[in-house]
Amino acid sequence: MQEWEITVEELRRSLERGEEIVLLDVRSAEDRREWFIPGSVHRDIYALLKSGDASALQDFSVTAESPVVVVCNRGRTSMVAVELLRKQGIPAVSLRGGMQAWSLAWNLAAVPLGSDGVQVHQVRRTGKGCLSYLVASAGEAAVIDASVEVDVYLELAERGGWRITRVLETHVHADHLSRGRALAEATGATLHLPEQKRVKFGFSPLGNGDLIGVGKATIEVLAVPGHTIESACYLLDGKALFTGDTLFLESVGRPDLASEADRETRERAALLYRSLRRIAELPGETVVLPGHTASPVPFDGNPLMASLREVLDRVQLLALSEDQFVQEILSRIPPPPSNYLEIVRLNEEGASVDDPSVLEAGANRCAVA
Ligand SMILES: [Fe+2]
């Protein structure tokens with residue numbers, strides 16, 4: 001059956017090359033609502049396929065020569081669809097491991113900052129919407145919030161001729177396993193985390209106002225408690241702000257996902273408000289580069305970014321008073337991401353697991369929209 005399958009990496013590369021592919025999603029409507037591959041078409045036939053109904057794809061046809069890739073949750077039901085399509089003369093293949101495996105797929109976009117000699121690359125985990133960054137200047141690079149396999153950053157740095165000297169985390173993550181510690185170990189880079197006593201491994205702490213260098217660029221630390229108590233934003237050369245999960249392009253971070261022992265959500269919501277007000281005082285042209293996006297990231301090379309002015313216009317919550325903000329936030333908090341307590345525990349320990357896609361499966365839920 002293996003020749004009827006395509007791996008995540010093969011599909012990822014094809015999409016990155018801009019090849020025409022028909023992606024057929026056969027999951028339930030409910031599963032699709034959670035997350036999907038951008039550009040995929042949906043047929044709500046999961047139950048039909050499961051029941052062995054041979055007519056499930058009877059009316060499915062393709063006009064062009066484009067290859068058809070069928071996607072389900074774990075790559076088993078999609079194989080049933082592939083068999084049906086092949087009987088109908090369509091040489092479809094199944095995405096091995098389904099959406100669970102696709103959770104690890106990523107793509108890249110360059111971030112234009114108009115800054116002399118400083119390059120920023122956005123590394124996007126397309127399914128989960130985790131955004132990490134590589135900042136490069138004068139032969140050196142820093143990686144912020146590494147969320148895909150270490151080799152991706154190593155290859156990117158090698159291609160650019162940069163040595164990764166610093167690895168930074170904006171906070172202890174609850175939605176994905178950090179690859180920061182492993183990346184620092186693989187490169188010999190300094191591992192920086194905001195000052196806190198949550199993690200059980202060694203790191204170089206960063207506090208409010210600290211300055212660190214990457215080549216000729218400077219990163220300033222802004223302590224922004226709220227999403228988590230230790231959360232920090234990193235300001236690059238006074239121009240671009242890596243906001244982690246504190247401020248997104250259309251929403252703000254949720255204040256309720258940390259270890260159980262952490263402070264009250266209400267208190268953290270108030271801290272988040274004060275942190276966001278401080279961020280709002282930065283110049284309007286500051287480029288906001290968030291740690292997440294809510295929707296799957298297309299393979300279009302367009303960076304997810306906006307000016308602080310645009311973000312402040314969009315995020316109505318920021319115009320509220322502190323009391324109103326806290327009340328709104330508490331009433332809008334979405335369900336927690338799957339396995340978040342286990343992910344927090346592993347990130348506090350600095351542990352890595354063989355197949356992170358099992359723990360990390362599912363959509364990102366770090367925001368309060
Ligand atoms: Fe987070």
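**Second largest pocket.** I began with the second largest pocket, which holds about 420 Å³ of space. I keep in mind that this is a predicted model. I counted 27 residues in the lining, with Leu-177, Ser-178, Arg-179, Ala-182 and Ser-352 lying nearest the centre of the pocket. Next I sorted the lining residues by type and got 14 nonpolar, 7 polar and 6 charged. Which elements each supply at least two residues of this lining? I found helix H7 (180-187), strand S11 (190-194) and helix H11 (340-349). H7 gives the largest share, 4 residues.

**Iron ion.** Then I looked up the protein donors of the iron ion: His-171 (NE2), His-227 (NE2) and Asp-245 (OD), at 1.9 to 2.3 Å. I wrote down their sequence spacing as H-x55-H-x17-D. I traced His-227 to the loop between strands S14 (217-223) and S15 (232-236), and Asp-245 to the loop between strands S16 (240-244) and S17 (252-253); the pair is 18 residues apart and links distant parts of the chain. Are His-227 and Asp-245 buried or exposed? I noted both as buried.

**Asn-107.** My last stop was Asn-107, in strand S6 (residues 106-111). With a relative accessible area of 1%, Asn-107 falls under the 20% cut-off, so I list this residue as buried. I found a polar contact of 2.5 Å between the side chains of Asn-107 and Arg-124. I also saw the backbone oxygen of Pro-298 at 3.1 Å from a polar side-chain atom of Asn-107. Leaving out residues up to four places away in sequence, I listed what Asn-107 touches, including Arg-12, Glu-16, Gln-122, Thr-126 and Phe-299.

Note on methods
Residues are numbered from 1 along each chain as its sequence is written. This is a predicted model: local features need pLDDT of at least 70, side-chain atom pairs count only at pLDDT 80 or more; totals for chains, interfaces and linings use all residues. Side-chain values use heavy atoms; hydrogens and water are left out. On a 1 Å grid over the protein atoms alone, a cavity is a set of points where a 1.4 Å probe fits but cannot get out, and a pocket is an open set with protein on both sides within 12 Å along at least five of seven lines; lining residues have an atom within 4 Å of a point. Grid points are joined across faces, edges and corners, and a volume is the space filled by probe spheres set on the points. Ala, Val, Leu, Ile, Met, Phe, Trp, Tyr, Cys and Pro count as nonpolar, Asp, Glu, Lys and Arg as charged, and the others, Gly among them, as polar. Donors are N, O and S atoms within 2.8 Å of the metal (3.2 Å for Na, K and Ca); water is not among the atoms, so sites may look incomplete. Buried means under 20% relative accessible area, exposed over 50%, partly exposed in between (1.4 Å probe, protein chains only). A polar contact is a pair of N or O atoms within 3.5 Å; within protein, one must be able to donate a hydrogen and the other to accept it, and residues adjacent in sequence count only if both atoms are side-chain atoms. Contact means heavy atoms within 4.5 Å.
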